[in-house]
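Hi,

Here is the structure I said I would pass on. Have a look at it first, and then read on for my notes.

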Amino acid sequence: MSFRFDDADEDTLCDLNFTCRRGQTTAIVGSTGSGKSTVAKLLLRFHDATKGAIRLDGVDLRELSQGEIRGRIAYVPQKAWLFSGTVASNLRFGNEDATEADMLHALQVAQSTFVLDQPQGLDTPVAQGGTNFSGGQRQLLALAKLLLIGPELLLLDEPTKGLDLASRCIIARALREHAQAGGTVIMATHDLDFAEQVSDDVAMM
């Protein structure tokens, strides 16, 4: 597919072609301004392809409603955001029926069981934006929240930006476990080393 913004004289993305398979992680790697985030927005159908098509299980995204797309694709942006409340209320944001066992499993898969070391566990308070947690911890809790939705496809935009080595390793392990459980992961990143560490396929922008 190709994509051009309405006010542009040339394509932002030209003849892009790749396939993401269930149970695998695909990394879209490129420098700042190369169009990685645009790919993520196209997958979420914030924009439509100018030429060609993006297909989910063979169906053109333009034939699906936003509700259908959001029900099948979970998105973790560069800056993970948490709401004021508790860890439990944040985890249940996308799945109100999640049980305590469901939440504990999601925390385990997302490598975010650090909250269980807190005296209040799942009832640990969360400040607006999650500012009482580090950037890496916010990213992992956001990942756990989305895993509770049970997405077919997990989409991450710069999941390691601004994180230290320990947090990067934890996120890498979480992504591998999610893919091994049958999930599909696509991540946009500038970090080639990280991409090669966790991905089955790397598409260079």
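This is a predicted model: local features need pLDDT of at least 70, side-chain atom pairs count only at pLDDT 80 or more; totals for chains, interfaces and linings use all residues.

F3 is buried, at a relative accessible area of 5% (buried is under 20%, exposed is over 50%, and partly exposed is in between, with a 1.4 Å probe and protein chains only). F5, at 31% relative accessibility, counts as partly exposed. F3 and F5 make an edge-to-face aromatic pair, with 4.7 Å centre to centre and 80° between the planes. For such pairs, the ring centres of Phe, Tyr or Trp (its six-membered ring) lie within 6.5 Å, and planes under 30 degrees apart are stacked, over 60 edge-to-face and the rest tilted. The structure has 3 aromatic pairs.

Numbering starts from 1 along each chain as its sequence is written, and side-chain values use heavy atoms, with hydrogens and water left out.

Now the sheet. It is open, with 5 strands in the order β4-β7-β8-β1-β9 and parallel pairing. Strands (E, at least two residues) and helices (H or I, at least four) are DSSP runs numbered from the N terminus, and two strands pair if DSSP finds at least two bridges between them. At the edges are β4 (73–76) and β9 (201–204), each pairing on one side only. From one strand to the next the twist averages 15°, with axes fitted as lines to C-alpha atoms (for helices, over the stretch in contact) and angles running from 0 to 180 degrees between N-to-C directions.

Strand β7 (residues 153–157) is joined to β8 (residues 184–189) by 5 bridges, and the two run parallel. Within that pairing, L153 stands opposite T184, and L154 has V185 as its bridge partner. β1 is also joined to β8 by 5 bridges, again in parallel, and there A27 is partnered with M187. How much of β8 is buried? It is 6 of its 6 residues, so the strand is largely enclosed by the rest of the structure. In a regular strand the side chains alternate between the two faces of the sheet. For β8 both faces are covered: T184, I186 and A188 are buried on one side, and V185, M187 and T189 on the other.

Helix α6 (residues 165–180) packs on the sheet, touching β1 (25–29), β7 and β8, and its direction makes about 150° with that of β8. Contact here means heavy atoms within 4.5 Å. T25, in strand β1, is buried at 1% relative accessible area. Beyond its neighbours within four places in sequence, T25 is in contact with L175, A179, V185, V198, S199, D200 and D201. The C-alpha atoms of T25 and I186 are 5.8 Å apart, although 161 residues separate them along the chain.

On to the cores. A nonpolar core is a set of buried Ala, Val, Leu, Ile, Met, Phe, Trp, Tyr and Cys residues joined through side-chain atoms within 4.5 Å. The largest has 38 residues, and V87, L91, F133, L141, L154, L175 and M187 touch the most other members. Helix α5 (residues 135–147) gives the most to this core, with 6 residues. A second, separate core has 19 residues, including F3, A49, L61 and L155. As for L91, its contacts outside four places in sequence are M103, L107, L122, L141, A144, K145 and L148.

α5 itself has 13 residues and spans 19 Å from its first C-alpha to its last, close to the 18 Å expected at 1.5 Å a residue (the expected span is 1.5 Å times one less than the number of residues). Among what covers the buried ones are β4, α3 (87–91), α4 (100–109), β7 and α6.

At 32% relative accessibility, G85 counts as partly exposed. Leaving out neighbours within four places in sequence, G85 is in contact with T124, P125 and V126. Its C-alpha atom is 8.6 Å from that of D123, which lies 38 residues away along the chain.

Cheers
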